[in-house]
Amino acid sequence: MTPEAVTPKAMTPGAMAREGATSDAMTSDAMAPAAVTPDALATTPAAFAPFAAFADLHRAGASPFLIPNAWDHASASVLAAQGFPAIGTTSLGVAAAAGLPDGAGATRAETLLLARRLGPGPYLLSVDAEAGFSDDPDEVAGLARELADAGAVGINLEDGRHDGTLAPVALHAAKVAAVKAAVPDLFVNARTDTYWLGGGRAGEETAHRLHAYEQAGADGVFVPGLADPAVIAALVKRLATPLNILYTPSGPTVPQLGDLGVRRVSLGSLLFRTALGAATEAAADIRAGRRPVAGRGPTYAQVQALSGPAHAARRPPGNGAAATDSAAGGNDAGR
């Protein structure tokens, strides 16, 4: 897990007071965070430096910007240690962890709490806020302010509804406009769920909706469920903002999406679901008398280090590192 350089996140006004809190996180050699390095953004006004850094990720380089999605502090930290300069959140992971349905507007408090936990991290944070947890644009703007104060530099707002319908275009555009007016330095990724909920007219409806969201001030647009290369390439040509596509194992690869003009690729809930699958597979193997695959996860000490040296020092009595790190190929099976 070799760390790489990360584009600096500081300094939104809400982040300035928290900047000192990042230095103690992830101090293990194997799980150390990627180094924060200065760049050409030094001349950017402080409040807009994180926004500019995040926006640049959507434009720079030959390959699209790949943003993995975390669901808690540990998952965000291990992804940052792999050199990912920005981390998103997954609304499914947040909702499932709380025993609540995804996309139902039921996790406002949980989403904000996670943003506050991840905000001090050594990465740029974008938050999946479902549809903003309200149909009142002013209330959505209020949430955006709270997320920005927590340290987020981006927000995803979707037009899909829990009842399987799409929100009126004008309503979603009003939410986008309200957020940009309230928090200009928050990158708004306007998502349309036309390819999941739009029926047979998904192509026409997608272009119509994305144009309206761009006109409302969206910094980027997101179309999950779209995987047809020809349709993606045609859509890119009609857009004024970077296109975000949800990665699917059966769809185009990240380099292929880049060749089509896609500038951002999200993993959504894929990592969360993969982690659940790995946990259940390991438990089933042990129950069946099989040994789980060794070396797939971090050691106990490495996970402890994600929360800082004070936590890493609190090792359970009688469980020395040598004994537990050698068990199950270093996976600390007894903890």
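Author: Strands β8 (residues 243-246) and β9 (residues 264-266) pair in the parallel sense. This is a predicted model, in which local features need pLDDT of at least 70 and side-chain atom pairs count only at pLDDT 80 or more, while totals for chains, interfaces and linings use all residues. Residues are numbered from 1 along each chain as its sequence is written, and side-chain values use heavy atoms, with hydrogens and water left out.

Reader: Why are β1 and β2 called edge strands?

Author: The open sheet has nine strands in the order β1-β9-β8-β7-β6-β5-β4-β3-β2, with parallel pairing. Strands β1 (65-67) and β2 (69-70) each pair on one side only.

Reader: Why is the pair of phenylalanine 51 and phenylalanine 187 called tilted?

Author: Rings of Phe, Tyr and Trp (its six-membered ring) pair if their centres lie within 6.5 Å; planes under 30 degrees apart count as stacked, over 60 as edge-to-face and the rest as tilted. The centres of these two rings are 6.2 Å apart and their planes stand at 40 degrees, so the pair is tilted. Phenylalanine 51 lies in helix α2 (residues 49-57) and phenylalanine 187 in strand β6, 136 residues apart.

Reader: What makes the pair of tryptophan 71 and phenylalanine 272 edge-to-face?

Author: Their planes form an angle of 65 degrees, with 5.4 Å from centre to centre; the angle limit for edge-to-face is therefore passed. Tryptophan 71 is in the loop between β2 and α3 (73-81), whereas phenylalanine 272 is in helix α12 (residues 270-287).

Reader: How do you know whether phenylalanine 272 is buried or exposed?

Author: Buried means under 20% relative accessible area, exposed over 50%, and partly exposed in between (1.4 Å probe, protein chains only). Phenylalanine 272 has 10%, so this residue is buried.

Reader: How do you know what span to expect of helix α9?

Author: The expected span is 1.5 Å times one less than the number of residues. Helix α9 (residues 202-215) has 14 residues and reaches 20 Å from its first C-alpha to its last, close to the 20 Å expected.

How values were computed:
Helices (H or I, at least four residues) and strands (E, at least two) are DSSP runs, numbered from the N terminus. Two strands pair if DSSP finds at least two bridges between them.
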